[in-house]
Amino acid sequence: MIFGKIYREVEVQDRRPLAGRRGRPHDHRVTSTLVQAWTSARQRLKAAGVDSPAIDSRLLLEAAADVSRTDLITDPYRTLTPDQAETLEAFVARRARREPVSHIVGRKGFWKIMVSVTSQVLTPRPETEVIVDHALRLFAETEAFSVLDLGVGSGAIVLAILAERPAARGLGVDVSEDALAVARENAANLDLNGRLALLRGDWTAGLDGERFDLVVSNPPYIATEVIAGLDPEVRDHEPRLALDGGPDGLDAYRRLAPEILRVLKPGGAFLVEIGYDQAAAVQSLFLDAGADRVEVIKDLANRDRVVAGSKKPLGESVATR
Ligand SMILES: C[S@@+](CC[C@H](N)C(=O)[O-])C[C@H]1O[C@@H](n2cnc3c(N)ncnc32)[C@H](O)[C@@H]1O
C-alpha cells in the first residue's frame with residue numbers, strides 16, 4: 001500500500017567512508033518524508049484544537065523545509081534534513097500553543113503582496129482586502145493621487161494600493177513605534193519606500209496642512225469586554241492597541257470621522273473597516289461629520305465590512321443631518 005511507503009521513517013545516513021567522518025559526530029537524528037511530516041503535524045494541531053490544521057501544518061512545513069506547495073505534491077517523499085525536522089518540531093509546538101502561523105513564519109500574504117509580521121502588528125486579514133479592492137476601483141492605474149493610512153500597522157493596506165498604482169504616494173500613521181518599524185521594513189522589501197512616508201502620531205494630530213485624495217483606515221474596533229472571549233490566537237498574540245475599540249468598540253470612529261473629513265481634499269474619498277454589526281453607528285458618525293455619499297460595502301462573506309464616503313466637492317455646502 002502506498003501509504004506504508006510514505007509513512008516509513010527514514011534515518012539520515014552518513015554514507016561517507018569512516019575515515020572521512022573522523023572528528024565529526026554522526027547525526028543520529030531521525031527525520032521523515034515531507035508527506036509524513038505534514039500528516040504528523042496536522043494530527044498534532046488537530047488534537048490541540050487548532051481551527052485549520054491542514055492548512056496551518058502545510059504552511060509551517062513549507063517554511064521549515066523551505067519547500068513550495070508544488071514540491072509537496074510533486075516530491076512528497078523528499079526527506080527533511082535533521083535541521084528542518086527540528087525547525088518544524090519547534091513550529092508545530094508553538095502553533096499547538098495557539099501562536100498564529102503568521103507570527104511563527106514571520107510573514108503573511110495580503111492582496112498581491114507578502115508582508116513581514118511580528119507580534120507588534122495586527123496580522124492583516126483577508127476581509128481588509130475589501131478596502132484595497134475598492135480603493136483600486138476609485139483610482140485608475142496611471143492616476144497620481146495621495147493616500148493616508150491611519151493606523152498603518154504592518155503597512156498592508158497602503159502598500160497593497162501603492163504596489164498597483166505606480167503614480168500614487170502614501171503616508172502611514174501609527175501611534176506604535178514598533179508597528180512603524182515593521183511597516184518601514186515592508187515598504188523597503190517591496191521597494192515602495194520611495195513612495196511611502198511613515199509618521200508616529202495620534203491619528204491625524206500631527207497633520208496640519210496636508211490634505212489627501214484618499215484616506216483608509218482599519219482602526220481597533222472590538223468592544224473591550226469582548227476581547228477576553230476571543231480565540232487565543234487573537235486575544236493572547238495580537239497587540240491590544242490594534243484591537244481595543246473602547247466600551248462599545250466605536251471610540252476610534254468618534255475621533256476618526258471628523259478628523260478624516262478635516263484631512264481630505266474636497267471631493268476626496270475615505271474607506272474605513274468596521275465590525276460586522278457597526279455599520280449603522282459608523283455611518284451616522286460620518287454623516288454627522290458632514291460626509292457625502294456614505295455607503296456600506298460588504299465582504300465576501302456578505303457581512304458589512306467597510307464604510308465608504310467622500311468629502312463634498314468645493315462649492316457644495318457642508319450640510320449636517
Ligand atoms: C486593527 S490595526 C490595523 C493595522 C493595519 N492597518 C491592518 O489593517 O492590518 C489598528 C492599528 O491602529 C493603530 N492605532 C491605535 N490607536 C491609534 C491612534 N490613536 N493613532 C494612530 N494609530 C493608532 C494600532 O497601533 C494598530 O497598528
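**Notebook: aromatic pairs and nonpolar cores**

I looked for aromatic pairs and found two in the structure. My criterion was Phe, Tyr or Trp rings (six-membered ring for Trp) with centres within 6.5 Å; planes under 30 degrees apart are stacked, over 60 edge-to-face, the rest tilted. Phe139 and Phe145 have ring centres 3.9 Å apart and planes at 15°, so I logged this pair as stacked. Phe139 and Phe145 are both buried (under 20% relative accessible area; exposed is over 50%, partly exposed in between; 1.4 Å probe, protein chains only).

Phe270 and Phe286 are also a stacked pair, at 4.3 Å between centres and 15° between planes. Phe270 is in strand 9 and Phe286 in helix 14 (residues 279-288), 16 residues apart. I took helices (H or I, at least four residues) and strands (E, at least two) from DSSP runs, numbered from the N terminus.

This is a predicted model: local features need pLDDT of at least 70, side-chain atom pairs pLDDT 80 or more, while totals for chains, interfaces and linings use all residues. Residues are numbered from 1 along each chain as its sequence is written, and side-chain values use heavy atoms, without hydrogens and water.

Next, the cores. I used buried Ala, Val, Leu, Ile, Met, Phe, Trp, Tyr and Cys residues joined through side-chain atoms within 4.5 Å. The largest nonpolar core has 36 residues; Ile161, Leu214, Val216 and Leu271 touch the most other members. Helix 8 (156-164) is among the elements that supply at least two residues. Helix 8 gives the most, with seven. Another core, of 31 residues, lies apart and includes Leu148 and Tyr253.
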